[in-house]
Amino acid sequence: MKTDLLKLLLILKPFLLFIFLSLSIFAFLSLKTPHQTLQKTATTTPPEKLPSDLKIRPGYSSYDAYLQRQLNKTLNPKLREIWTTRDWDRKVKVFSGFFENLKQRDLLFNGSKSLCIGARVGQEVAALKRIGVNDSVGIDLVPYPPLVLKGDFHHQPFDDETFDFEFSNVFDHALYPWKFVGEIERTLKRGGICVLHVLLSRRADKYSANDLYSVKPLEELFKNSELMEIRSIDGFGLDTEVVFRKNKN
């Protein structure tokens, strides 16, 4: 009798092990899925109503049409030559001044893992490295190695809570501002800093996808962050610096 029972257990052992492992994997996925689903909803679902001081420009028949218009500027050979030659030193110098000022205000540190959003050929990234923030990288629709990786700021190609610091001066190029902000808050570490340079109260350039008339819409879009500072700047046609800190819990 005992011999038959032992034989039966030996036969069933692989089957029972398979069931145990399957249940363990299912339980693990059940714990992970709600967080991922909520996160996706937070970054891709548009608000029921946009703030009145933020206007999306009409005229795009599809997201691909929007991307193509942005690429028309980014891939323009004359512009790219200007950005990488006569504009390079001037812009790196100005960006270095902005970032050095942030360091003096304890908003940026040499050890900050940093991202520049919509960095084109990477003057912002070069400026961060120049002042000692060496772990820095940019993203843009067109890569410019090694400073800029290929990436869409509506869908950042990074894991959650990757960066200590994120900077952008292309908020006006976002067709979906809630996605732009949602991706920043997703990839920013808790307590991390986001700095935006924006233009208020008047229309930006012809490639802009939205127009911002006050800081109020940014406060509403940054749902998981605290507004820290607002100050006037002179930054390549942009007039306002807005600083957010992501909540620590």
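Me: A residue is called buried when its relative accessible area is under 20%, exposed when it is over 50%, and partly exposed in between, with a 1.4 Å probe and protein chains only. What makes Y207 buried?

Reply: The model is a predicted one, in which local features need pLDDT of at least 70 and side-chain atom pairs count only at pLDDT 80 or more, while totals for chains, interfaces and linings use all residues. Residues are numbered from 1 along each chain as its sequence is written, and side-chain values use heavy atoms, with hydrogens and water left out. The relative accessible area of Y207 is 15%, which is under 20%, and Y207 is therefore buried.

Me: Where does Y207 lie, and which residues does Y207 touch?

Reply: Y207 lies in the loop between strand 6 and strand 7 (210–212), where helices (H or I, at least four residues) and strands (E, at least two) are DSSP runs numbered from the N terminus. Not counting residues up to four places away in sequence, Y207 touches Y60, R69, Q70, N72, K73 and H173, contact being heavy atoms within 4.5 Å.

Me: Why is T74 called buried, and which residues is T74 in contact with?

Reply: T74 has a relative accessible area of 7%, so T74 falls on the buried side of the cut-off. The place of T74 is in helix 2, and, leaving aside neighbours within four places in sequence, T74 is in contact with R80, W83, D140 and V142.

Me: What makes the pair of F153 and F180 edge-to-face?

Reply: The planes of F153 and F180 make 80°, which is over 60, and the centres are 5.1 Å apart, within 6.5 Å, so the definition gives an edge-to-face pair. This pair links distant parts of the chain, with F153 in the loop between strand 4 (148–150) and strand 5, and F180 in helix 6 (residues 177–187), 27 residues apart. F153 counts as buried at 12% relative accessibility, as does F180 at 1%.

Me: How do you know that the span of helix 4 agrees with its 17 residues?

Reply: The expected span of a helix is 1.5 Å times one less than its number of residues. For helix 4 (residues 88–104) this gives 24 Å, and the end C-alpha atoms are 24 Å apart, so the two values agree.

Me: Which residues of helix 4 are buried, and what puts them on the same side?

Reply: K91, V92, F95, S96, F98, F99, L102 and K103 are buried in helix 4. They cover an arc of only 165° around the axis, the arc being that of the directions from the helix axis to the C-beta atoms, and therefore lie on the same side of helix 4. The face turned away from this buried side carries the exposed residues D89, K93 and Q104. Among the elements that cover the buried residues are helix 3 (77–84) and helix 5 (123–130).

Me: How many disulfides does a search of the whole structure find?

Reply: A disulfide is a pair of cysteine sulfur atoms within 2.5 Å, and a search of the whole structure finds 0 of them. C116 is buried at a relative accessible area of 0%, and C194 is buried at 1%.

Notes
Rings of Phe, Tyr and Trp (its six-membered ring) pair if their centres lie within 6.5 Å; planes under 30 degrees apart count as stacked, over 60 as edge-to-face and the rest as tilted.
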